[in-house]
Amino acid sequence: MSAIGPTGLPILMDTFVRLTKAPVVSLARIRGCVRGVSSEFVLACDMRFASRENTKLGHPELGVGLHPGGGGTERLPHLVGRGRALEIVLSANDFDGETAERYGYVNRSLPDAELDGFVDALARRLGSFDRRALVAAKNLVNEVSLPPFDRLLDAFTSFGTALGWPEAQNRVRTVLERGLQRDAAFEKNWPEILGSLVEAGKKGGR
């Protein structure tokens, strides 16, 4: 966590910042479960397109006693507004493709069968334009829409502190014991149980 990248930020944040500021356009094609740091990766991309039927996006960190630390709390308000950013972060729930589109979490959701063709066609169209104009336009949008470095660093540092909180360690241990990172079925829907995690832990300790 202490490695520093070329931007002067910790390596994870450095990777996301360099992706956002790269002189190319990044398109995220989302199909499946994209949560936590994976969500922060797609938020660092320039545009996001999701499968309407097969997408689950979210930030479950709060449910295990943590908070986003890789840019989620800094990028989401710019995309979805303060209220919806708070709903996404504080609820620790999954959001399907249709809701993510309505909120602005993704540019648009499409039927799964149309997703690949749409993103490929858009990439080819962008690739046909003059590169200097494309880079200049992206830079201008970046200047008015990106969170400042110090805010990203503050969130990353706060996340590191939160990892040491006893309640966070207990909650993380509980979801790992129940199958996180081991059980594919649990992985698909684990944010659903976060609201009852404390009660389940108490019952298990009796």
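**View 1. Helices α1 and α8 of a predicted model, shown where they pack**. The axes of α1 and helix α8 (residues 149–162) come within 11 Å and cross at roughly 150°. Axes here are lines fitted to C-alpha atoms, for helices over the stretch in contact, with angles from 0 to 180 degrees between N-to-C directions. α1 and α8 are therefore roughly antiparallel to each other; angles under 35 degrees count as roughly parallel, over 145 as roughly antiparallel, 65 to 115 as roughly perpendicular and the rest as oblique. Their crossing is right-handed, a crossing being right-handed if the near helix is turned clockwise from the far one by less than a right angle, and left-handed if anticlockwise. From α1, L12, M13, V17 and K21 meet F149, L152 and F156 of α8, where contact means heavy atoms within 4.5 Å. By class, the contact of α1 with α8 has six nonpolar residues, no polar and one charged. Ala, Val, Leu, Ile, Met, Phe, Trp, Tyr, Cys and Pro count as nonpolar, Asp, Glu, Lys and Arg as charged, and the others, Gly among them, as polar. Helices (H or I, at least four residues) and strands (E, at least two) are DSSP runs, numbered from the N terminus.

Residues are numbered from 1 along each chain as its sequence is written, and side-chain values use heavy atoms, with hydrogens and water left out. Because this is a predicted model, local features need pLDDT of at least 70 and side-chain atom pairs count only at pLDDT 80 or more, while totals for chains, interfaces and linings use all residues.

**View 2. The contact of helix α1 with α2**. Helix α1 covers residues 11–21, and its axis comes within 8 Å of that of α2, crossing at roughly 25°. α1 and α2 are therefore roughly parallel to each other. On the α1 side the contact is made by L12, F16, L19 and T20, and on the α2 side by V37, E40, F41 and A44. These residues divide into six nonpolar, one polar and one charged. L12 of α1 takes part here and also in the contact with α8.

**View 3. The crossing of α3 and α4**. Here the axes come within 7 Å and cross at roughly 135°. That makes α3 oblique to α4. The crossing is right-handed. T73, L76, P77 and V80 of α3 are in contact with α4 through R82, R84, A85, I88 and V89.

**View 4. The largest nonpolar core**. A nonpolar core is a set of buried Ala, Val, Leu, Ile, Met, Phe, Trp, Tyr and Cys residues joined through side-chain atoms within 4.5 Å. Buried means under 20% relative accessible area, exposed over 50%, and partly exposed in between (1.4 Å probe, protein chains only). The core has 18 residues, and those with the most contacts inside it are I30, L57, L76, V80, I88 and Y105. Two or more residues come from each of β1 (27–35), α2 (37–44), β2 (47–58), α3 (72–80), α4 (82–91) and α5 (97–103). Leaving aside neighbours within four places in sequence, V80 is in contact with A85, I88, Y103, G104 and Y105. Another core, of 13 residues, lies apart from the largest one and includes L66, A92, F159 and V175.

**View 5. A92 in the loop between α4 and β3 (94–96)**. A92 is buried, with a relative accessible area of 3%. Although A92 is not a glycine, its phi is positive, at about 60°.

**View 6. R171 in helix α9 (residues 166–178)**. R171 is buried, with a relative accessible area of 19%. Not counting residues up to four places away in sequence, R171 touches G63, V64, G65, L194, L197 and V198. The C-alpha atoms of R171 and V106 are separated by 29 Å, and the two residues are 65 apart along the chain.

**View 7. L180 and Q181 in the loop between α9 and α10 (184–189)**. L180 is buried, with a relative accessible area of 12%, whereas Q181 is exposed, with a value of 66%. Beyond residues up to four places away in sequence, L180 touches V175, F186, E187 and W190. L180 and W190 are 10 residues apart in sequence and 7.5 Å apart in space, C-alpha to C-alpha. Phi of Q181 is near 70°, a positive value in a residue other than glycine.
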